[in-house]
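Please read the following account alongside the sequence and the coordinates. It goes from whole chains to single residues.

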Amino acid sequence: MPDAGAGGRELTARGRARPLPRAAPRSRRSSEARLAYAFLAPAALVLGGLVAFPFGLALWFSVSDAWVGEYGRFVGVDNFVRLLGNSIFRQTLQNSLVFTASAVALKTVLGLTLAVLLYRVRRFRRLVRGAVLMPFVIPTALSTLGWWWLYQPTYGVLNWVLRRLGLIGVDLPWLSDPSLAMASIVIVNTWRGLPFFAVTLLAGLVAIPREYYEAAATDGAAGWRSFRYITLPLIKPVLGIVILFSTILTLADFNTVYVLTKGGPMNMTHLFSTLAFQLGTAGGRISDGAAVSLFLFPVLVVVVALQLRLVRRQTAYE
Amino acid sequence: MLAAVRAALTTYVPVLPFVVFALFPYYHMAVTSLKADAELYNPLKNPLWIQDGATLDHYRVLVRETLFSRWYLNTFAVSAIATVASVIIGLLAAYALARLRFPGVGPFGVAIFVTYLVPPSLLFLPLAIVVNHLGLSDSVWSLVVTYPTFLVPFNTWLLMGYLRTIPRELEECAMIDGCARFVILTRIVAPLAVPGLVCALLFSFTFCWGEFLYSLAFISSAERRTLAVGVVSDLIRGDVFYWGSLMAGAVLASLPIVVLYALLMDYYVSGLTAGAVKG
């Protein structure tokens, strides 16, 4: 009760002070509550009207036959059944799994490596951190254009370097061969997400008390062993949060795929978001599009639930 | 001496590929934007640097023959308005959640956190319908209205963490003097929260500046586009030789963010970690 007994005067939402009646604490509390609701009202309006309500609409669309401009009628799980029977959708499901699993795995391994390296960098610290953080800051769609140019088969620098090194005889079709295209979008997504892993894990590393390492060193543990038995267990909670957070962001990625391949070649790089976009905006099949994006929802629920547990446990330590 | 060599081998040599990986696409973009077409489309020329002299032709084309300046203006206006509005809304909500006691504080905090995790690609289709009903489709205002959906949760979350680090005693003193909560918030808490507010403003502005999906989905006229969408969808013309101006567009469009980042890097780092680590 930090603000109890504040000089025998009570403060109202309008800012006028009046003498406190006997039941001071209770009335103070209710005026505090009124003020809190007033402060929260704008946020509630935005999140209720433009997140919760559209989300409800998405749920409705996914079980209706809505087309552009109409709300449609209830058709139950027809959209989902039709989607699961659709080969393009099944391909998208598979793409999403491959894309998310490989990009998150790459980001975890490389991110942890980079965090450990950044932790050891003493000279040029700001310069090095500033450089590796760049891909996170610069607008993704624009830097992905840069990658598009790197991947260009005839004039692109990637094939030029590989040719020069004698590694390839003919130019590789980075974005028009199905498996190369998948690899290409995984690389760009990893490139873009790596700074988030590295910087967040670095914050986790910095929080580990140095004494642990010193004690381990006197016991003869250093290098890999100290990483395995001190760093890894202590960084686990942060690592968990970062991986969960990145899983949902990676699965929901739109920019990378839209700029590089638009889902092609032959739908081999479509993710939920790009397929939903193609169906919903270009094709006008809003209900199908909404049903496709709703496949993100179960993953979101699992991630949110785990995330909340991790965050609570972590705050309990503080 | 030996220690220095060791440090170089175990730290600086392995970190170098990461730095090159992060920066090379930008370097290559800049180089490409300054090259004449004759050199750009000669596969025998080295693409890694400029051999036949730099030119600003691609930038000239961009400014004179495209809607680029218009997109710049649109993006700046949308980002500025959405950012300021979202930071104010976020600060009010964060103050309520961090400092005031009221029934429902817990569920409200959880709701903010959950919306923070909802990706735009889950919402853009129904949101397009809402935007349409508000009479805002194909208007830059559709973006001013929808960007707060991801900015408000982020700012609230960030500022909540920040407000908790400000000692309550300062506010209690002001309360004894009879100051109202709102006055306390604007006169005492906000000035103390300036670093957190700067961080929120920077992040929000950066998010808005680079936002792509909503802008692509809600706006159909070329002259109302924002930079990212304009550069990606309208600069690609029928012929093959557009790479120079495309890269020039990407460079110029990223420039304000690069400048902000160079000047205020530490705020970006703290915002990035606060988003995930602090509870």
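The model is a predicted one. In chain B, the secondary structure consists of 15 helices and 0 strands. The C-alpha trace of chain B spans about 75 × 70 × 30 Å along its principal axes. Of the 279 residues in chain B, 48% are buried. As for contacts in chain B between residues at least 6 apart in sequence, 75% of them join residues at least 24 apart.

Next comes the contact between the chains. Chain A contributes 90 residues to this contact and chain B contributes 84 residues. On the chain B side, the largest share is that of helix H1 (residues 2-33), with 13 residues. Sorted by class, the side of chain B that touches chain A holds 66 nonpolar, 14 polar and 4 charged residues.

The largest nonpolar core has 171 residues, and the members that touch the most other members are Ala198(A), Leu201(A) and Tyr95(B). Helix H4 (residues 68-99) of chain B supplies the largest share of this core, 14 residues. What does Ala198(A) contact, leaving aside its neighbours within four places in sequence? Its partners are Gly111(A), Leu114(A), Ala115(A), Leu118(A) and Val132(A). As a general point, nonpolar side chains tend to be buried together in soluble globular proteins.

Chain A is divided into two parts by the domain assignment: domain 1 covers 9-62 and domain 2 covers 78-317. Taken over C-alpha atoms, the centres of domain 1 and domain 2 of chain A are separated by 38 Å. Helix H8 (residues 210-218) of chain A is hardly covered, with 0 buried residues among its 9 residues. After H8(A) comes Gly220(A), which has a positive phi near 90 degrees.

Back in chain B, one helix pair can be described in some detail. Two packed helices are described by the angle between their axes and the distance between the axes. For helix H13 (residues 227-234) and helix H14 (residues 243-263) of chain B, the angle is about 175 degrees and the axes are 10 Å apart. Angles over 145 degrees count as roughly antiparallel, so H13(B) is roughly antiparallel to H14(B). H13(B) makes the contact through Leu227(B), Ala228(B) and Val231(B), while H14(B) uses Gly249(B), Ala250(B) and Ala253(B). By class, this contact of H13(B) with H14(B) has 5 nonpolar residues, 1 polar residue and no charged residues.

Two loop positions in chain B remain. Ser137(B) lies in the loop between helix H6 (120-133) and helix H7 (141-146). Is Ser137(B) exposed, partly exposed or buried? Ser137(B) counts as partly exposed because it has 17 C-beta neighbours inside 10 Å, and a buried residue would need 20 or more. Apart from neighbours within four places in sequence, Ser137(B) is in contact with Val131(B), Asn132(B), Ser142(B) and Phe218(B). Ala217(B) is 80 residues from Ser137(B) along the chain, and their C-alpha atoms are separated by 9.4 Å.

The other position, Gly53(B), is in the loop between helix H2 (37-40) and helix H3 (57-65) of chain B. Gly53(B) has 9 C-beta neighbours inside 10 Å and therefore counts as exposed, the limit for that class being 12 or fewer. Between the C-alpha atoms of Gly53(B) and Phe150(B), which are 97 residues apart along the chain, the separation is 44 Å.

Technical notes:
Residues are numbered from 1 along each chain as its sequence is written. Chains are lettered from A and ligands numbered from 1 in the order in which they are written. Helices (H or I, at least four residues) and strands (E, at least two) are DSSP runs, numbered from the N terminus. Two residues are in contact if their C-beta atoms, placed from the backbone, lie within 7 Å. Ala, Val, Leu, Ile, Met, Phe, Trp, Tyr, Cys and Pro count as nonpolar, Asp, Glu, Lys and Arg as charged, and the others, Gly among them, as polar. A nonpolar core is a set of buried Ala, Val, Leu, Ile, Met, Phe, Trp, Tyr and Cys residues joined through C-beta atoms within 7 Å. Domain bounds come from an automatic or database domain assignment. Axes are lines fitted to C-alpha atoms, for helices over the stretch in contact, and angles run from 0 to 180 degrees between N-to-C directions. Angles under 35 degrees count as roughly parallel, over 145 as roughly antiparallel, 65 to 115 as roughly perpendicular and the rest as oblique.
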